[in-house]
Amino acid sequence: MGLFDSAQDVLGRAGEALDKGVVAARGAVSGMAVEQHAVARGFARVCKEGWRQGWHERNGGNLTCLLSAEQVEQCASFFYTTPSSWVPFSQEVPCLAGRVLLTTAAGAHLRNVPDALEENAGMVEVSSDGSAWRIVWGFRNEGRPTSEISAHASCLAARQAAGFARASVVYHAHPSNLIALTLLRSWDSARLTRTLWESMAEGIIAAPYGVCVAGWITPGTPELAQACQDAMETANALVMAQHGVFCCGYDFDDAFSTVHTLEKAAGIYLTARAANGGSDDFENGIPLEGLRDLAQRYNLPVNWEFLEG
């Protein structure tokens with residue numbers, strides 16, 4: 001099923017003891033350590049910078065990267081000779097069949113990822129039919145992937161199915177201003193998108209497809225994975241009420257900077273509202289024509305449906 005031939009697909013749990021010592025010795029003589037590769041360094045940088053922004057309290061947030069064939073080849077000598085057992089996704093992702101994901105560990109504090117990648121993250125292989133995953137590297141000390149692994153896989157699958165074949169990074173963070181917005185009212189996607197687009201010019205540039213919003217959903221559940229899949233069919237960002245944001249990007253910078261921009265736009269809106277006596281009936285804001293001018297000047301693929309209603 002993909003990178004490995006194994007007759008023990010149903011044995012044990014995902015965090016079972018793996019043949020790590022043998023692989024470490026084999027990898028040590030076959031090339032640069034996983035942590036030294038560009039994809040691992042970029043992964044660690046996002047985790048650290050998100051923590052510095054205050055988006056990753058305790059073990060909050062997670063990150064996943066869909067590796068290219070070249071990146072897998074660079075790291076394959078360090079893969080476990082005996083992968084873990086298969087664990088089903090809550091939704092099948094056939095377009096990711098046989099691919100490898102680098103993802104944060106369940107319970108990991110993202111600020112620790114740069115210092116101990118193999119303990120706080122790892123790689124999983126997707127089965128040949130896209131129905132399950134198994135550990136092939138990392139997650140030391142009986143770790144396991146983030147509880148949002150199904151949500152992340154669903155995000156990637158939905159974006160690729162929507163025609164965005166380069167989508168490779170899913171970033172989930174807990175930015176304070178975006179979460180605070182969801183306490184004010186029950187937003188719909190069009191209204192939230194308009195609010196963020198009208199608050200600062202970069203909003204529509206960072207998220208031209210709009211920003212979807214969902215009500216409260218318990219983290220780590222199939223319902224959250226389904227909400228992610230539904231949202232990513234049309235947009236590249238989803239704000240979850242009282243929870244945070246999921247963003248799907250082409251690379252680490254794309255995903256991180258989109259979250260950063262939306263969080264700043266939310267902060268500007270909240271600051272202006274507080275200065276306006278709690279009202280969002282502002283004298284100024286980017287008009288519809290201004291948004292159209294931005295879209296034309298920067299050749300943005302804007303989803304204008306988010307400005308209707």
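**Notebook: cores, a pocket and one serine**

I began with the largest nonpolar core, which has 49 residues; Phe43, Met123, Tyr171, Leu181 and Leu196 touch the most other members. Helix α10, residues 252-275, gives the most to this core, with nine residues. I kept in mind that this is a predicted model.

Next I picked Leu196 and looked up its contacts, leaving aside neighbours within four places in sequence. Leu196 is in contact with Leu178, Leu181, Gly203, Val211, Leu262, Ala265 and Ala266. I also found another core lying apart from the largest one, made of 48 residues, including Trp133, Leu156, Leu224 and Leu291.

The largest pocket has a volume of about 330 Å³. I saw that 13 residues line it, and that Thr195, Glu198, Tyr269, Asp280 and Phe282 are the closest to its centre. Two elements, α7 (189-199) and α10, each give two or more residues to this lining. Which of the elements gives the most to the lining of the largest pocket? I found that α7 does, with four residues. Sorting the lining by class, I got five nonpolar, four polar and four charged residues.

My last stop was Ser168, in the loop between α5 (149-161) and β6 (169-173). Is Ser168 buried or exposed? I noted it as buried, because its relative accessible area is 13%, under the 20% cut-off. The side chain of Ser168 reaches the backbone oxygen of Tyr250 at 2.7 Å. Not counting residues up to four places away in sequence, I listed Thr64, Cys65, Leu66, Leu156, Gly249, Tyr250 and Asp251 as the residues that Ser168 touches.

How values were computed:
Residues numbered from 1 in each chain as written. Predicted model: local features only at pLDDT ≥ 70, side-chain atom pairs only at ≥ 80, totals over all residues. Heavy atoms only, no water. Core = buried A, V, L, I, M, F, W, Y, C linked by side-chain atoms within 4.5 Å. Buried < 20%, exposed > 50% of the residue type's maximum accessible area, 1.4 Å probe, protein only. Contact = heavy atoms within 4.5 Å. 1 Å grid on protein atoms, 1.4 Å probe; cavity = no way out; pocket = protein on both sides within 12 Å on 5 of 7 lines; lining within 4 Å. Points joined across faces, edges and corners; volume = space filled by probe spheres on them. Nonpolar A, V, L, I, M, F, W, Y, C, P; charged D, E, K, R; others polar. Polar contact = N/O pair within 3.5 Å; in protein donor to acceptor, adjacent residues only side chain to side chain.
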